[in-house]
Amino acid sequence: MPRIAYGNLRNQGGPSIALRKMGDDVSVAASYNQFQYTNYPMGLDLRPGTDLHDQIVGEVISRCQESYDVMSSRRDNFRKIDEKLTAFIDIDESERVLKEKDKRKPVSIVIPLSYATLQTLLTYWVNTFSQQEVLFGYEGTGPEDSYGTILLEQIIKFQSAKMKHLLALHSMWRSSLAYGIGLITPIWTKKIGKKSVPKAIMGTNFMTGMVEPIGWEQNWVDTVMFEGNDLVPIDPYLWFPDPRVSAHRIQDSEFLGWGQPTNLMRLLIDEAQDESIFNCEYVRLMKQPTSRFLDEEDTKRDRLIDNGKSSTTTTNQVDLVNLYITLIPSEWELGPSQKPEKWLFTVAGDRILIRAQPLGLNHNMYPVAMCAPDFDGFSAAPLSAIETVYGCQELIDFLMNSHIANVRKALNDMFIVDPYMINLNDMKTPGPGKLIRMRRSAWGRGVKDAMMQFPVTDVTSQNIPDVVFINQLVQQVTGASDILQGVQRRSSERVTRAEIVGTQTAA
């Protein structure tokens, strides 16, 4: 999908014109107030098509567009890194024909050096941060806080185990090592389920004439099965930061947000359970509730499924954009306050506002955490360890693939023949027990000087030692040494027990 130029959406009043020309029933339903939403914040009228609704959507989308344009160059590098981490390469036409003739012949490959480096560093990180029994520890400021911190640690420990917080942290750490930034947002989640509650069957007692329980039946009611903290990793491809703020100071941003692919049923469930979500029935009327910021991203992660496109015809896909904005409510017509406040907005399909609420958090911070281990103190999206050695990865792939191509060429057994002495048709049909006939004019003269094999020279014989050297260079640059990989160092026969245990632990 080509990138769409919308110009300055703030001056145009947002995508209201596009909304009124959608060709579906959204505008009609909104104009007649068909769904009668009453949970709009502060009594505001946020039906699709109203001036306030379209103004807010325009402000959100324009900020996402500005951030998207600045981050586009980084996303191009993200795609290159993903290609190397998949250890898979698209073959060209000549190699495709070669594979069709003989599928056993090798073609171009990606040496999984970046993948090994990433997994080594990631394993070390996970082991370092998760070896303690308590994932998140707390410490009081005085003796009076000791009992409270112990209880808080146990509560968070239970929630971490229930919601698998370590898995979310693993995703954040992997993104930070691969792309330079890893992001996560804490949310408060509820798990709603069914609970069996006995219900009395009332009847009249013929002896007393009173209405009394005469039996019991099962009655299934909705109940909260779990309620607590959850951690949601954010895809760096769909990260919309304030491009003027460095990675380690995102709390100074005027806005920040991320894209979130979901589906219509999940959205309707969330609306029923969360009072801050609205207008989802209008989303249901949209023909294509997708976002241009998510549709343009081909991350190559699902390249083996439908040629890289994960869209289906059975799932009602909905693309959301979540954006935190620091604003003055009176200037946005959201309230009388003239002091800066942090608000959360969610837009579905780039056109329908489904959430607008002030955060109201005690710490007054954006609930987003970033991990950037190689930040430079100034960039909004710094380079990663894998990106630093990307050139070495390309060089190793070239050396190995050129060696494979040279070996493949040398095995073809090319000959120079004299067509006046050799029957060329016999030369074109190779095989064991081959019989090559001389022409009649050369009978009795012998076979000397009738044919000669091309000299085979392996100009890539030094490529393999070069690959080993570059691999050692990458390990020194990234810190993914042999010790971290569990490789026993080459030394004398007398190795200490501590060294053996350390190597086994790293492995």
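**View 1. Gln65 in helix H4 of the predicted model.** Gln65 is found in helix H4 and counts as buried, because its relative accessibility is 11%, below the 20% cut-off. Its side chain makes a polar contact with the side chain of Arg292, at 3.3 Å.

**View 2. The largest nonpolar core.** This core holds 63 residues, of which Leu46, Ile56, Val60, Val283, Phe345 and Leu353 touch the most other members. Helix H4, residues 51-85, gives the most to the core, with ten residues. Apart from neighbours within four places in sequence, Val60 is in contact with Val321, Leu323, Ile325, Phe345 and Val347.

**View 3. A second, separate core.** This core has 14 residues, including Leu183, Trp258, Leu344 and Tyr366. The ring of Tyr366 has the charged end of Lys342 over it, 4.9 Å from the ring centre.

**View 4. Aromatic pair of Tyr179 and Tyr237.** The structure holds 16 aromatic pairs. In this one the rings are edge-to-face, with 5.8 Å centre to centre and 75° between the planes. Tyr179 lies in helix H8 (residues 165-179) and Tyr237 in the loop between strand S2 (211-234) and strand S3 (239-240), so the pair ties together parts that are 58 residues apart in sequence. Both Tyr179 and Tyr237 are buried.

**View 5. Aromatic pair of Trp343 and Phe345.** The two rings are stacked, 6.0 Å centre to centre and with 15° between the planes. Trp343 and Phe345 are both buried.

**View 6. An aromatic cluster.** Its members are Phe35, Tyr37, Tyr40, Phe278 and Tyr282.

Terms used. Residues numbered from 1 in each chain as written. Predicted model: local features only at pLDDT ≥ 70, side-chain atom pairs only at ≥ 80, totals over all residues. Heavy atoms only, no water. Core = buried A, V, L, I, M, F, W, Y, C linked by side-chain atoms within 4.5 Å. Buried < 20%, exposed > 50% of the residue type's maximum accessible area, 1.4 Å probe, protein only. Helix = DSSP H or I, 4+ residues; strand = E, 2+ residues; numbered from the N terminus. Contact = heavy atoms within 4.5 Å. Polar contact = N/O pair within 3.5 Å; in protein donor to acceptor, adjacent residues only side chain to side chain. Phe/Tyr/Trp six-rings, centres within 6.5 Å; stacked < 30°, edge-to-face > 60°. Lys NZ or Arg CZ within 6 Å of the ring centre and 35° of its normal.
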